[in-house]
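I opened this notebook to record what I looked up, entry by entry, with the cut-offs beside each term.

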Amino acid sequence: MAISDVNPFEAPPAGDNMFARITDNVTRIAETATPPRAWYIAFGFAQLLLLMFLGSLGYVIWNGIGAWGNMMPVAWGFPIVNFVFWIGIGHAGTLISAVLFLFRQNWRTAINRFAEAMTIFAVVCAGIFPGMHIGRPWLPYYMFPIPNQMDMWPQFRSPLEWDVFAVSTYATVSILFWYMGMIPDFATFRDRATTTVRRVAYGIVAMGWRGSSRQWHVYERAYLILAALATPLVLSVHSVVSFDFATAQLPGWHTTIFPPYFVAGAIFGGFAMVVTLAVPARQFFGLKRIITIRHLELMNKVIMATGLIVGYAYGMEFFVAWYSGNKYEVFTFVNRAFGPYGWAYWTMISCNVLFPQLHWFPQVRRNPWATLIIGLIVNVGMWFERFVIICTSLSRDFLPSSWGYFVPTPVDLMTLGGSFGLFFTLFLLFCRYLPMVAMSEVKAFSPAGLAHGDH
Amino acid sequence: MSDEHKKHSVKSSPPPVHGLLAEYDTPPQILHAAKQIRAAGITKWDTYTPFAVHGIDDAMGIKMTILPWFTLGAGLTGLASAILLQWWTNAHDYAWIISGKPFWSIPANVPIMFELTVLLSAITTLVGMLILNNLPEPSHPLDQVRRFARVTDDKFFLLIRASDPKFDDVETRALLATTHPVAVEAVLEDRVTPERMPTGLVYGLIIFAVASVVPFALAAKARYTKSSSPRIHLIQDMDSQPKYKAQRENSFFADGRAARPAIEGTVAAGDARDDDHFYQGKDGPGWARTFPSEVALNEATMDRGRQRFGIYCTPCHGQIGQGDGMVSRRAESLQQGTWVAPTNMTLEYVRQQPVGQLFGTISNGIRSMPAYAPQIKTEDRWAIVMYVRALQRSRSGSVGDLPPDARASLK
């Protein structure tokens, strides 16, 4: 495939030490005394949102989850919408790192590290919502098989319990993968450190890595194995999340299309978030030569492809509802598009199916700011997708006497908005203090790194 | 080690040589050098590079690592423990039925099997990588070499260790020279590592060690001693609520009762039921023969009576009160012999009963029939009596009872 031999660099000037240039480019962000002003502005804003997040969570813990708009019949409400939204975002990182690694898509080296970081921060945000939604957030250990005096165990035949294992395994493996990838880069930071604090701190996390080829050999093998493990894992996580819905008998949820549809949606939303972050990051941190327009274009193509899959799934749901002849299914889908939540449905359709079509035009998908805007639109659309699935199906099921209409409370909106504060705070700290680009990998796939001399 | 000795060792002999380090600029150079060194039969050597140089494994003759076997073992362990965990907890130790699913079946347990397999494999892969690579390795003789700091940036190095049987300062230097290095440098054994840890670190570690024992000590103390004060209860979970429950003592009142008795000479609102006719169906000592004045004898009351009768009486007594309701018929068909058939209330003896007595039967129940006063409002009970009267009348009527214009329809 042609995209696999994309080089992260344009043709280098003669006599240029490409390796040193890559090191300089990436370490500069973490080594400069004063980051760009944009970083400070973004960080301050993120802190405000984070404060709002902590405040609203504290309010919910103190007063109980009645502070949210969750009600009968829409007991899942915002917390689960937000959970599925964030966990979906957390798919692109591992996909880029693991799946593209196995497919030898070397262009991934420019973006994999911060896509992985984004994954982990998104999973952190995701985990908070079910943790709060259980109502007594101080008892989440009930979900794990811990021996106790009541002789009670989790119920392993429930998809919700599968979810606990899937999400925590995914979080753990993502962190391991991310950390292992950073070890050689931490060593670079350590060796360039000018202060004792930096030398000791990066020295501890680098674990004494000195780039021995015998160590590289084991390391590369370990990386390959982790990629091979993470690939089915990344596909399984959102499949398991979709089981939460698909194994219920509720019309609109009880469909076999859910696992692939959810996974495609997750990749779609995840890549949208990657480009949303990549565009400003390359702009403000001077990474334009490492994360090139070509990279953005390739990611936009993935967004377009997965967007089409998602659009197909939307259509297929309607077809199956009609073809099944089940009047409840038919009602649910007609209600989705033309019922009280019709506005949410059409927001979803226009954000997820219509706008990404603009990427058919090369001028659009090669334009960073258009990329950013469409990325944002897709993020909104994917949030609404989860809202539509959860709220329309729950609010009107079988018996009209038990129908209802879910309206979020201000606390709901504050927790949703605040979770972005947590996400951006973590992400901005990552940009400032950790190797934002996998230097050793970019070097290995740069023209100089691929050179074989006289052999 | 004494101060005397330390000074001596530093001053006298320089530390022994650890090996010879050669530096290169590009991947092709280091690949080339690696091939030459390997061909020269050197065994204790290594190369150091900023990234995994393609082809260096072959050039150096590095054998395939056994790491994948670690992973496989961990994966199988994860799979087995997931099977065991789920079977033991849900099908053996505490088996309970949920949604009619079997206690133990493979499909429902596959997701957890998969997750634990991956989890254990992944952790083992990382830990195995560290162990096989002898990491973490806080210090190394190479750390003293200034130029070596660029190994994680842009330079490539080759180290031949002094422990190699063929090592000889002059010959090995000559061998390295044939590989066209940028520079060659001797690496000395690391002697500068201080013999004692910094005092601050020592005290810090001691304080940390002592402090970390405290929670366990407190827990152990709580476990093995008795205390009369309530347990520490960080999160209340609504366990204690500021209210009195039935039978609780209340020190505020002289009699110590939390539930207060009614004040003498008073009646709670709505509890004054001194109208015996209306509430008891009594007229003096005997049953009242007339409806009380509170009950309006009109069409509306009759309709209300029919409706309430349909709800409360028909299950046993049937639609027209002859004792053949659904419950009764079902009970009869079971033939268990314990069922007392509901009375046919159109029988003569019931018809002779005064309205007050019918009201009493509904309110207080009779023999096997339960009381309905708690469920049916007083007015409604009277309405039902009125309807029962109508039913009784309907079973004993004659054509002469009908209005003249309705008689024709019977013919």
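**Entry 1, conventions.** I am working with a predicted model, in which local features need pLDDT of at least 70 and side-chain atom pairs count only at pLDDT 80 or more, while totals for chains, interfaces and linings use all residues. Residues are numbered from 1 along each chain as its sequence is written, chains are lettered from A and ligands numbered from 1 in the order in which they are written, and side-chain values use heavy atoms, with hydrogens and water left out.

Seven of its eight residues are buried, so S1(B) is largely enclosed by the rest of the structure; buried means under 20% relative accessible area, exposed over 50%, and partly exposed in between, with a 1.4 Å probe and protein chains only. For pairing, DSSP must find at least two bridges between two strands. S1(B) pairs in the antiparallel sense with strand S4 (residues 183-188) of chain B over six bridges, and it pairs in the antiparallel sense with strand S3 (residues 156-161) of chain B, also over six bridges. I followed B:Glu23 to both sides: its bridge partner in S4(B) is B:Ala183, and its bridge partner in S3(B) is B:Phe157.

I found B:Lys155 in the loop between H5 and S3 of chain B. B:Lys155 is buried, with a relative accessible area of 12%. Its side chain makes a polar contact with the side chain of B:Asp25 at 2.7 Å, a polar contact being a pair of N or O atoms within 3.5 Å, where within protein one must be able to donate a hydrogen and the other to accept it, and residues adjacent in sequence count only if both atoms are side-chain atoms. Leaving aside neighbours within four places in sequence, B:Lys155 is in contact (heavy atoms within 4.5 Å) with residues including B:Glu23, B:Tyr48 and B:Arg150.

A:Arg192 forms one with A:Asp24, the closest N and O atoms being 3.5 Å apart. That pair links distant parts of the chain, with A:Arg192 in helix H6 (residues 159-192) and A:Asp24 in helix H1 (residues 18-31) of chain A, 168 residues apart. A:Arg192 is partly exposed at 27% relative accessible area, and A:Asp24 is partly exposed at 38%. A network of salt bridges links A:Asp24, A:Glu31, A:Arg192 and B:Asp153.

Which of the two partners in the salt bridge between A:Arg366 and A:Glu297 are buried or partly exposed? The closest N and O atoms of this pair are 2.3 Å apart; A:Arg366 counts as partly exposed at 39% relative accessibility, whereas A:Glu297 counts as buried at 6%. In chain B, B:Arg150 forms a salt bridge with B:Asp154, the closest N and O atoms being 2.7 Å apart; B:Arg150 counts as partly exposed at 39% relative accessibility, while B:Asp154 is buried at 1%.

The largest core has 150 residues, of which A:Trp86, A:Phe114, A:Phe387 and B:Met129 touch the most other members. A second, separate core of 23 residues includes B:Leu20, B:Ile30, B:Ala34 and B:Val53.

The contact takes 72 residues from chain B and 62 residues from chain A. The two chains bury about 5900 Å² between them, 65% of it on carbon and sulfur atoms, buried area being the accessible area (1.4 Å probe) that two parts lose on being put together, summed over both. In chain B, B:Phe51, B:Glu115 and B:Thr152 lose the most area to chain A, together 11% of what that side buries. Across this interface I noted four salt bridges and 27 residue pairs in polar contact, both residues at pLDDT 80 or more. H5(B) gives the most to the side of chain B that touches chain A, with 17 residues.

Notes:
Helix = DSSP H or I, 4+ residues; strand = E, 2+ residues; numbered from the N terminus. Salt bridge = Lys/Arg side-chain N within 4 Å of Asp/Glu carboxyl O. Core = buried A, V, L, I, M, F, W, Y, C linked by side-chain atoms within 4.5 Å.
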